[in-house]
Amino acid sequence: PPPEAPQPTGADAQPTAANNSLIEQLEAALEERNALRDKWLRAEAELDNYRKRVQKEAEQARLYQSLPLIRELLPSLDNLHRALNAARTATQTEDLVQGVQMVVKQFEDVLTRHAIQPIAAVGEPFDPNRHEAVQQIPSADHPPMTVIQELERGYVLHDRVVRPSKVIVSSEGFRKDEG
């Protein structure tokens with residue numbers, strides 16, 4: 001007959017049921033760890049996908065953010081093309097001027113709807129934050145550094161200058177009563 005397996009003695013002498021219970025607890029803990037690790041990896045992958053999706057959506061939004069403005073401007077551009085075609089055959093310039101004025105009004109209305117406002121210039125004190133002086137002219141009729149002519153209209157979007165007004169500014173001039 002084969003020899004019997006030696007029986008543990010002393011501190012190693014524990015019942016087999018207790019060993020089985022510890023092994024079962026260890027296996028259960030390992031299964032729970034594996035399940036939680038799997039959940040964590042899935043959550044991390046979902047978060048990464050979410051980040052990529054949000055970044056792509058933000059890029060798309062930036063790329064096409066001006067689309068509503070463009071859609072509103074296109075009818076005005078169409079009317080400007082019509083005015084050009086009409087100018088080629090027009091015998092009276094009055095109708096052409098009136099048509100172009102209507103197109104300018106359409107453009108201004110679109111800009112206003114998008115919170116874009118013209119910068120006040122003529123008669124205003126020169127403001128280097130809102131005006132770009134391209135010339136100074138001596139003037140006895142205006143105080144120095146007053147905008148006396150607007151060459152190109154400037155615009156603001158809310159409180160930010162989109163483009164400064166290009167202006168001619170008065171400088172110290174001879175007074176009519178001097179001399």
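Two strands count as paired if DSSP finds at least two bridges between them. Helices (H or I, at least four residues) and strands (E, at least two) are DSSP runs, numbered from the N terminus. With these terms, Ile137 stands opposite Ser170 in strand E6. The structure above is a predicted model, in which local features need pLDDT of at least 70 and side-chain atom pairs count only at pLDDT 80 or more, while totals for chains, interfaces and linings use all residues. Residues are numbered from 1 along each chain as its sequence is written, and side-chain values use heavy atoms, with hydrogens and water left out.

**The sheet**

- Three strands form an open sheet in the order E2-E6-E3, and their pairing is mixed.
- Strand E2 (131-139) and strand E3 (147-152) are the edge strands, since each pairs on one side only.
- Neighbouring strands of this sheet are turned against each other by 25° on average, direction ignored. Such angles use axes that are lines fitted to C-alpha atoms, for helices over the stretch in contact, and they run from 0 to 180 degrees between N-to-C directions.
- E2 and E6 run parallel and are joined by eight bridges.
- E3 and strand E6 (residues 165-172) run antiparallel, and four bridges join them.

**Salt bridges**

- Side chains of opposite charge can pair when their charged atoms come close.
- A salt bridge is counted when a side-chain nitrogen of Lys or Arg is within 4 Å of a carboxyl oxygen of Asp or Glu. By this rule there are eight salt bridges.
- Asp48 and Lys52 form one of them, at 3.3 Å from N to O. The two residues are four apart in helix H1 (residues 16-63), which means that about one helical turn separates them.
- Asp48 is partly exposed, at a relative accessible area of 33%, whereas Lys52 is exposed, at 51%.
- Arg113 forms a salt bridge with Glu72, and their closest N and O atoms are 2.8 Å apart. Arg113 lies in helix H3 (residues 93-113) and Glu72 in helix H2 (residues 67-89), so this pair ties together parts that are 41 residues apart in sequence.
- Arg113 is exposed, with a relative accessible area of 55%, while Glu72 is partly exposed, with 27% relative accessibility.
- Lys105 and Asp109 also meet through their side chains in a salt bridge, at 2.9 Å from N to O. Both lie in helix H3, four residues apart, so they are separated by about one helical turn.
- Lys105 is partly exposed, with 47% relative accessibility, and Asp109 is partly exposed, with a relative accessible area of 31%.

**A nonpolar surface patch**

- Leu47, Tyr50 and Val54 make up a nonpolar patch on the surface, and together they have about 260 Å² of accessible area.
- Patches are made of residues with over 30% relative accessible area and no salt bridge; like charges are joined within 9 Å, and nonpolar side chains (Val, Leu, Ile, Met, Phe, Trp, Tyr) within 5 Å.
- Accessible areas come from the Shrake-Rupley method with a 1.4 Å probe, and for residues only the protein chains shown count as cover.
- Tyr50 lies in helix H1 and is partly exposed, with a relative accessible area of 45%.

**Positive phi angles in loops**

- Met145 has a phi near 65°, which is a positive value in a residue other than glycine. Met145 is in the loop between E2 and E3 and is partly exposed, with 37% relative accessibility.
- His158 has a phi near 55°, again a positive value in a residue other than glycine. His158 is in the loop between strand E4 (155-157) and strand E5 (160-163), and it is exposed, with a relative accessible area of 64%.

Notes
Buried < 20%, exposed > 50% of the residue type's maximum accessible area, 1.4 Å probe, protein only.
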